[in-house]
Amino acid sequence: MSDALDIDFHGLDKDFQSIIDEFPEESEKYLREQANKWKKDCNEKGYKNYTSGKKPIPKSWKIEMEKDLLYRATAVSVTNKSPLFHLLENGHRKWLFGHDTGGFVQGKHYAERTREEFGDSFGENTDKFVAKALKRHNL
């Protein structure tokens, strides 16, 4: 009976250890690349065309990695820290010299549209990334 259970696991432990060691860094790098790609697409779609008076609205994007208890990246968050971004994206009421004029400026929603367009390609890119990583580690 012991002959039926005789399986050669030579090298399997090294493969698992390399996945544990290398895949978290690879996945964090991949998430950061995707966040930068989305940020670039969003800037190209319309954010660069807007100004606040004479100055262009700053492109102050912040990328934050959400990590688990073992400090492995599980998600990425991209936010804009410009004080005028939410007004441009979502719209705002019209004010003139501190008085509400009753009007409303519609939001441009370019970040929302970019997110919707980006969602399709993100799933495909993630599938390719995972398949490539598994193939590299012979799994």
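**Aromatics.** I started with the aromatic cluster: Y30, F118, F122 and F129 form one. For ring pairs I took Phe, Tyr and Trp (its six-membered ring) with centres within 6.5 Å, calling planes under 30 degrees apart stacked, over 60 edge-to-face and the rest tilted. This is a predicted model, so I kept to pLDDT of at least 70 for local features and 80 or more for side-chain atom pairs, while totals for chains, interfaces and linings use all residues. Residues are numbered from 1 along each chain as its sequence is written, and side-chain values use heavy atoms, with hydrogens and water left out.

Searching the whole structure, I got six aromatic pairs. One of them is W61 with F85: ring centres 5.5 Å apart, planes at 70°, so I logged it as edge-to-face. W61 sits in strand β3 (residues 61–67) and F85 in helix α2 (residues 85–90), so this pair ties together parts 24 residues apart in sequence. My helices (H or I, at least four residues) and strands (E, at least two) are DSSP runs, numbered from the N terminus.

Are W61 and F85 buried or exposed? W61 is buried at 13% relative accessible area, and F85 counts as buried, also with 13%. I used under 20% for buried, over 50% for exposed and partly exposed in between (1.4 Å probe, protein chains only).

F85 also pairs with Y110: the centres are 6.3 Å apart and the planes at 90°, so that is edge-to-face too. Y110 belongs to helix α3 (residues 110–136) and F85 to α2, so the pair ties together parts 25 residues apart. Y110 is buried, like F85.

**Core.** I found eight residues in it: W38, C42, W61, F85, L88, Y110, A111 and F118. Which helix gives the largest share? That is α3, with three residues.

Strands β5 (residues 91–96) and β6 (residues 99–106) run antiparallel, joined by five bridges; I needed at least two DSSP bridges to call strands paired. L96 has H99 in β6 as its bridge partner. Two residues lie between the strands, and F97 takes a positive phi near 55°.

**Confidence.** I checked pLDDT last (the predictor's confidence in each residue, from 0 to 100). The protein averages 76, and 73% of the residues score at least 70. Residues 1–8 fall below 50, and beyond near neighbours in sequence that stretch has zero contacts in the model, a contact being heavy atoms within 4.5 Å.

Definitions and conventions
Core = buried A, V, L, I, M, F, W, Y, C linked by side-chain atoms within 4.5 Å.
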